[in-house]
Amino acid sequence: MKRFRRHGNELHRERIKQDLFQFNKTVEHGFPHQPSALAYSPSLQLMAIGSRSGAFKIYGAPEVEIMALHDETAAVTQIHFLPEQGQLVTLLDDNSLHLWKLKKSSDGLSMLKRESHFELKGQPGAPPSVTTITVVLPHSSGDVLFLGTEGGCVFVVEQPSFREQEARTITHEAVLQNVPDDYRSRRSLGSVEALQENPRNPQQILVGYSRGLVILWDLQASQATHHFLGDQQLESVAWQRDGRQIISSHSDGSFHQWPVSNDRLPQPLEKTVPYGPYPCKAIPKITWLATKQRTPFIIFKGGMPRASYGDRHCVSVLHGSKQIAFDFTSRVIDFFVVDEGGSESDCDDPSALVVLAEEELVAIDLKTPSWPVIQSPYLIPLHCSAITCSHHVSNIPIKLWERIIAAGSKQMTHYSSKPWPIDGGYSTAPEPLQRDLLLTGHEDGTIRFWDASGVCLKPLYKLSTVNVFVTDADHNDNLNQPAEDEWPPLRKVHGCALALKCGVSVGCFDPYSDDPRLGIQKIHLCKYSSHLAVAGTAGQVLVMELNDEAVDQTVVCTLVDILQDQDTFKWKGHERLNPHEDLVHFPAGFQPFALVQCQPPAVVTSLALHTEWKLVTFGTSHGFGLYDYQQKRSVMVRCTLHPSDQLALEGPLSRVKSIKKSLRQSFRRIRGTRVSGRKRTVPGNGAAKVQEANARLDREALNEMELAPVQRRIEARSADDSFTGFVRSLYFADSFVRDGSYHEPSLWAGTNGGTVFAYAIHVPPVERRMEEPVTASQAKEIQLMHRAPVIGIFILDGRGVLLPEPLEAAHDLSKSPDMHGNHMLLVISEEQFKMFTLPKISTKTKLKLTAMEGSRVRKVSVANFSSSRAEDYSENGLLVLTNLGDVQVISLPTLRNQVRYECIRKEDVSGIASCVFTKSGQGFYLISPSEFERFSVSPKWVVVPRCIIDIDEGLGTRTSQQKILQDGLVTKPNSRETVPSQQKYELSRQASAGSEGDGKKAVEIMEHALLNDERVLLEIQSTLESESASTDRLSFGHLNRNSKNVAGVQSQGQRMINGD
């Protein structure tokens, strides 16, 4: 009976786990890695961006985004929306064309589906360059595509069938019939560089050749009616809106204006070198836009003086006498102009210029006279400066949220008041249930605050620590407004939201740091007291408070000697940062009031803040300290250096000798292994017999061990290993440290050598807090036998619940901890989880990592998992990330493995190192320097794009969007589904069954799409082809993009371990 009863309990537990745990990769935040193509649809008001990995995304209004990936591993070189059809064509660098269509999925959400693909074939024996596509022109009729090639021919292809119309091909012979003999003999045509349809006559197209010739081709007569004989290499061509003139740009930095009249060989009306007379770079793209005031806009890319400004990445705007060159900090990929003139209007009436650079997307308001930047709601480059750390805070109080937004709004006064110009489609995702903050620390000493509540990662506020210290940076030059005599009239672009408002106009993407010591390494925000602690690369620890007004003040600096005057150690690394001694102006927002400088100035490796006790603790590779930021004095310092930790004193910039020494020792070990392996056993040797007997006993013991659950052997590490004093974790707790009769404040510190230090802290009462000092004395010291690095320390109360955060219980946001039962200490090392009783420190239970391939803990956090069925049921558990990229959930306080999912590739070391967990069972990690991947282990907290792009009625107009909302796709408050009612039950049933069809493939695509490693992409392609019998590739803008439900049967490619 016990056996059957246990089996029934296991089934019940499995059902509960299905409601508690479900793995989903949900959405990417940030800017796409290595963009390579840009397109815009005026009718749909959508934008598409392609990348070198073969992926592309469609963007519209905020939270409207749909992603797709080609089967081929080639880069996307061109994207073109087909007019009035909701379709688009992509060109890859392998010369293949692909037709995609926007469709509705079964739940009413929009998705992209590839309809067909095509490769242009040449005559047998012809070189590949003859059919290499250089330009694609979708005709306004929607029936054909014109394909310009390197060979100089223009092929006509039907769509959607992609059938070539050979009779309509525009050949060399037909083009050269009416060209003057002297021009014809002087040069060949070259490749096709431009194809443009006459905006007033769809039967005429412009064909531009690289050697300078431009022809006007009549599609009905199949002949050239006009020849524009250019004398410079052609780069691009554009029509005037009325079809009476064209403009061409050339390789010498000039552009020519040509009339379209009865003259079959017209001469240019005007030749202009905007940045002459000195030699200039080419103008790869130019556009001409008419206005109601009769003064056109001429916008072009490049054309800067070659000698002085040849390394600049510029897009210039000319409007009458006004001329500005917008200077970007990364290479410009492409641009387009959003206009307000309809298809029947005589003028374009441009309103915004949208520029895609290699590291940012910028929209410029052309309606406002100063041409300011429009703030972007998405595609924010997270890597304006390299991200060095991340910190997530869940469920922000509304008062703190509003104060942060108010401080950030004062930094955004330089932005245009115009709304974002690309607003096609609409989102049906429900409103976020709570307000979440993601804080990112950067190499340039800044901390950025992001709204991480929904699909879009929105910038809220930027904090800089640079002005606290004396650096070589000069923040007094105003580069935003050019001098009157400056030529060319360059303007650095405010591409990045929240640029520092200190008189300096800086570009968004700035990979250079004035001083690498400014880099932020650790962040800790208390959402209840609005206090913030940040720590940096040079041992600096700043404590800040939120102030709604700007102030001028000095920051008190306290030097803390971690080595405690030990003469045997000598620091060989960088020097410390020196703070300003005079008054410093701090704008509204977080302002520092206390500064701790560690000596030696090593990187701060751990940080903890307790705002109720007014204490902050920090750790380095040499030890840790405790600081009272209310009295601004050091409380205690503990040096954790081992005599062999000489490497810890060299710093990150002076390890060359140590690396050489390590390599030398490694080669010696390899040689020793090879030599010992070549030694033969001498027959009759007693030592050899003893070795064989020992080997046999080891095999027998191993066979016996395999009968037990698979666990990797935990090997004890030597105390001589380098960096054993490296402080990995710090933790404040009010618990029973000395005896079980009373509890007191305590500090716990874990090191790289498996040592845990516990200090009892005496905090004076509030009324005597400023008179009496805070004291700390060592109470415990624990040495783990296997000496593995201590990753995390937690204390559970008598109910087995984690102790609340500082001030959390005081604000009635959590239950008061149970101080009557026995508390438990949880120590998490890289190799095992161990629970001790307090205060005696006796082992209660432990869990070793169940993996044979060398799994080690890299990140750990406590999360609450709510049931997707029962609103009032939830469980606390440990979220664990290993060096293999697995995410595991371990129950508390029983320490039993619940589920395991493959999340990050084990080769992606930077992604694993950048991962940060949330308290609701979500996580973020960097899939590229500029993009976060978001995932969730809880089925109740899934943030995904759910969008609709209406194609059938009005092509995405507001009226048709509202009509769809009225037809039953109404978002209910706090609802996670926005689908017709007749489909809700079926969708929920499929989700609970753990369907892993196209949703799983879509997220695998998304995770790897931004990689530029051909081997990895080929491996992804072969894996996807083996798992799917269908050749169609779908990309969904809805929920189930990578759903891995907990089920009894394990699917291929999914590794999961279940436990009670």
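Author: Contact here means heavy atoms within 4.5 Å. The model is predicted. By that criterion, and leaving aside its neighbours within four places in sequence, Leu-826 is in contact with Gly-792, Ile-793, Phe-794, Phe-833, Lys-834, Met-835, Leu-878, Leu-892 and Leu-895. Leu-826 belongs to the largest nonpolar core, which has 34 residues. Together with Trp-748, Phe-794, Leu-825, Phe-833, Leu-878 and Leu-895, Leu-826 touches the most other members of that core. At least two residues of this core come from each of the strands E46 (727-735), E48 (755-762), E50 (790-796), E51 (824-829), E52 (832-837), E54 (857-866) and E55 (874-882). The most is given by E50, which contributes six residues. Another core, of 33 residues, lies apart from this one and includes Ala-407, Phe-449, Leu-532 and Leu-542.

Strand E2 (residues 35-41) has seven of its seven residues buried, so E2 is largely enclosed by the rest of the structure. E2 runs antiparallel to strand E3 (residues 46-51), and six bridges join the two. One of the pairings links Ser-41 to its bridge partner in E3, Leu-46. Four residues lie between the strands of this hairpin, in which Gln-45 takes a positive phi near 55°.

Ser-105 is found in the loop between strand E8 (96-104) and strand E9 (110-119). With a relative accessible area of 11%, Ser-105 falls under 20% and is therefore buried. The side chain of Ser-105 makes a polar contact, at 2.3 Å, with the side chain of Asp-107.

Note on methods. Residues are numbered from 1 along each chain as its sequence is written. This is a predicted model: local features need pLDDT of at least 70, side-chain atom pairs count only at pLDDT 80 or more; totals for chains, interfaces and linings use all residues. Side-chain values use heavy atoms; hydrogens and water are left out. Buried means under 20% relative accessible area, exposed over 50%, partly exposed in between (1.4 Å probe, protein chains only). Two strands pair if DSSP finds at least two bridges between them. A nonpolar core is a set of buried Ala, Val, Leu, Ile, Met, Phe, Trp, Tyr and Cys residues joined through side-chain atoms within 4.5 Å. A polar contact is a pair of N or O atoms within 3.5 Å; within protein, one must be able to donate a hydrogen and the other to accept it, and residues adjacent in sequence count only if both atoms are side-chain atoms.
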